[in-house]
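Thanks for coming, everyone. Please look at the screen.

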Amino acid sequence: MDKFKIIGKSRIAGEVVISGSKNAALPLLAAMLLPSDETVLHNVPTLKDTDTLIKLIAGMGVAIKKEGNTVIADARHVANYYAPYELVRTMRASILVLGALLGRFGEAEVSLPGGCSIGSRPVDQHLKAFEAMGATILVENGYVKAKAPAGGRLMGCDFAFDMVTVGGTENVIMAASLARGTTRLENCACEPEVVDLANMLVAMGAKIDGIGTPTMIIEGVESLHGCEYSVIADRIETGSYLAGALMSEGDVLTTNTSAELLHPVLKKFEAMGATITTGDDWIRAVMKGRPKAVDIRTQVHPGFPTDMQAQLMAVCCLADGTSTIIENIFENRFMHVPELNRMGANIRIDGHTAIVTGVESFMPAPVMATDLRASMSLVMAAACADGESIIDRIYHIDRGYDNVESKLKSLGVNIERIKG
Ligand code: UD1
C-alpha cells in the first residue's frame, strides 16, 4: 500500500487548477448507458473511482474510451445488464448503473454495495422508488435483481423519498427518464451534482421539470440520444485546497471552478477570518493570522456539505477558541478524529458532535487515512506540522483527488509518495 511522506511546516500558497467533480462524473458516466448512440463527456477527472465505473460499463459491452479528460461511449450494443461484486465492492457509487439499466433495458442485476467506513449506507430508498415504478426487486446472494413490469418499461409514479438521498435521486431520475408516463418525485436532493446529471439527461432528450428543487417531474420519453457534455468543477476538491490557506496563513488561488457551487463553505471560511475573492471561474483565499473558531452542522444542499467536514475540522484544530461540529448526514464520520488527535489536536466526540479546542500547531506523526475526505484533512495537517509525517493507506485519496501530489507540490507542500 502506498504512503505519503510529508515534511512540514509549509505555507500553502499558489495556484491550483481544479478538476471535474468526481461525484458528478460518476452518475454522468452511468448515464452514458442510456442513449443508443455515442455520448462525449468532457472534464472527467482521472481517478480510481472514474476508472472503476468505466470498467464496469465496458464489461456490459459499451464501447468506451478515455482520451485525456474526455470519455467517449457508444452504448448501441449492450451485451449484459450485470454489475459484479468485484467492481461494486470497491466503489459504492456503482449502484448508479441500476437505474440506467432498469430504465433502458427493463432489467438489471447489480451487486448490493456493502456498508463503508463512514456508515452503513443502505440503498432502500433507491429500491423502494423502483418498486413504486412497478419493478420487481429481489435481493438474493448479495445481488439486487430488478425487472420492469411486462413490456419491459417502468411506469411513472408519485414517490416521496423518506430522506434526502443524492444517489437515490440520481438513480431514480435516470430510470424515470425512460419510463412510461410521468414520475413526480418529492424530497429530491438538490446537490449541484444532481443538477449536473439532470442537465445532461435533458441534453439527451429527457423531459425534466424542477431541476435543483426538491420536487422533480419527469415525463418519460421512448428513447434518449447521445450528447456532448462537460462535468462541473469539483467543489470539494476546491474547498479542500482553499482550506489549506486558512491553516497556514497561506494564499491559494483555485481556477477552473465556480464560487456558486461553494457558497456555504466560503461563508464559513470568511467567518474564520479568510479574505475570499471570486471571479467567473476562480476563487482565492488569503489568510492572515490564526483562524477564528466557528460552529458547523453538516446538512443537505444548500447547507454545509458533509464531504467538507473533515477538512474544516482540520482548520478548526488550529483556531483560536473552541468550535463545535455536528455531523448530521453520516453516523460514523469522525474516524479522522483520533488521527488528528495523534497530531496534537484537541478534539472530543459526544455522539454526533465534535468539540474542537484549538491548538497553536500540529505535531508530525505517523497516521492512517480512514476515508476519502478524511485523508485530505490529514495531508493538510501534516503539511502544517513542523517535521516529517507518514500517511498510510492513501488509496483512499487516490479514489477522489486528481493528480494530488503535483497539485500539492504546486502549493508548496513537500510531499513524496512511498510505493508500497
Ligand atoms: C453522495 C456522495 C457522497 C456524499 C453524500 C452526501 C457520491 C458518489 N457520493 O453519497 O460523497 O457524502 O452524497 O452528500 O456522489 N440513505 C439511506 N437509504 C438510502 C439512501 C441513503 O438511509 O436508500 C442514507 C445514507 O445512509 C446517508 C444519507 O441517507 O446517511 C445520505 O446518503 P446519500 O445522499 O444517498 O449519499 P450517497 O449518494 O451515497
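This is a predicted model: local features need pLDDT of at least 70, side-chain atom pairs count only at pLDDT 80 or more; totals for chains, interfaces and linings use all residues.

Arg393 sits between β23 (387–392) and α13 (395–400). Its phi is positive, near 60°, and this is a residue other than glycine.

Asn187 is not a glycine, yet its phi is positive, about 60°. You'll find Asn187 in the loop between β11 (182–186) and α7 (192–203). Its relative accessible area is 27%, so Asn187 is partly exposed too.

While we are on backbone geometry, take the cis peptide bonds. One runs from Gly8 to Lys9, with omega near 10°. Lys9 belongs to the loop that links β1 (3–8) and β2 (13–17). Another cis bond joins His301 to Pro302, and omega is about 10° there. Pro302 is placed in the loop between β18 (295–297) and α10 (309–317). If you set up a calculation from these coordinates, those are the bonds I mean.

Now the ligand. How many residues surround it? The count is 18. The closest are Asp124, Thr165, Gly167, Asp307 and Ile329.

Asp124 places a polar side-chain atom 2.7 Å from a ligand nitrogen. Thr165 also uses its side chain: an N or O atom there is 2.7 Å from a ligand oxygen. Ile329 works through its backbone instead, with an N or O atom 2.7 Å from an oxygen of the ligand. And the cover? On its own the ligand has 740 Å² of accessible area, and the protein covers 84% of that.

Which elements build the shell? Two of them give two or more residues: α5 (124–132) and α6 (166–177). α5 gives the most, with three residues. By type, the shell has eight nonpolar residues, six polar and four charged.

Where does the ligand lie relative to the domains? Domain 1 covers 3–19 + 233–418, and domain 2 covers 22–230. Both give residues to the shell, so the ligand lies between them.

Let me stay with α6 for a moment. It has 12 residues. From first C-alpha to last, α6 reaches 17 Å, close to the 16 Å expected at 1.5 Å a residue. Of those 12 residues, 10 are buried, so α6 is largely enclosed by the rest of the structure. The buried ones include Glu170, Asn171 and Met174. Buried here means under 20% relative accessible area. Look at the start of the helix as well. A side-chain oxygen of Thr165 comes within 2.8 Å of the backbone nitrogen of Gly168. That is the Thr165 whose side chain also has an N or O atom 2.7 Å from a ligand oxygen.

Next, α8, residues 235–247. Its 13 residues should span 18 Å at 1.5 Å a residue. The end C-alpha atoms are 19 Å apart, which agrees. How many of its residues are buried? The count is 13 of 13. What caps the N-terminal end of α8? Asp234 does, with a side-chain oxygen 3.0 Å from the backbone nitrogen of Ile236. After the helix comes Glu249, where phi is positive, near 50°.

Glu131 is found in α5, the helix that gives three residues to the ligand shell. At 43% relative accessibility, Glu131 counts as partly exposed.

Val202 lies in α7. It is partly exposed, at 36% relative accessible area. Val202 and His225 are 23 residues apart in sequence, and their C-alpha atoms are 10.0 Å apart in space.

Definitions and conventions. Residues are numbered from 1 along each chain as its sequence is written. Side-chain values use heavy atoms; hydrogens and water are left out. A residue is near a molecule or strand if one of its heavy atoms lies within 4 Å of it. A polar contact is a pair of N or O atoms within 3.5 Å; within protein, one must be able to donate a hydrogen and the other to accept it, and residues adjacent in sequence count only if both atoms are side-chain atoms. Accessible areas come from the Shrake-Rupley method with a 1.4 Å probe; for residues, only the protein chains shown count as cover. Helices (H or I, at least four residues) and strands (E, at least two) are DSSP runs, numbered from the N terminus. Ala, Val, Leu, Ile, Met, Phe, Trp, Tyr, Cys and Pro count as nonpolar, Asp, Glu, Lys and Arg as charged, and the others, Gly among them, as polar. Domain bounds come from an automatic or database domain assignment. The expected span of a helix is 1.5 Å times one less than its number of residues. Buried means under 20% relative accessible area, exposed over 50%, partly exposed in between (1.4 Å probe, protein chains only).
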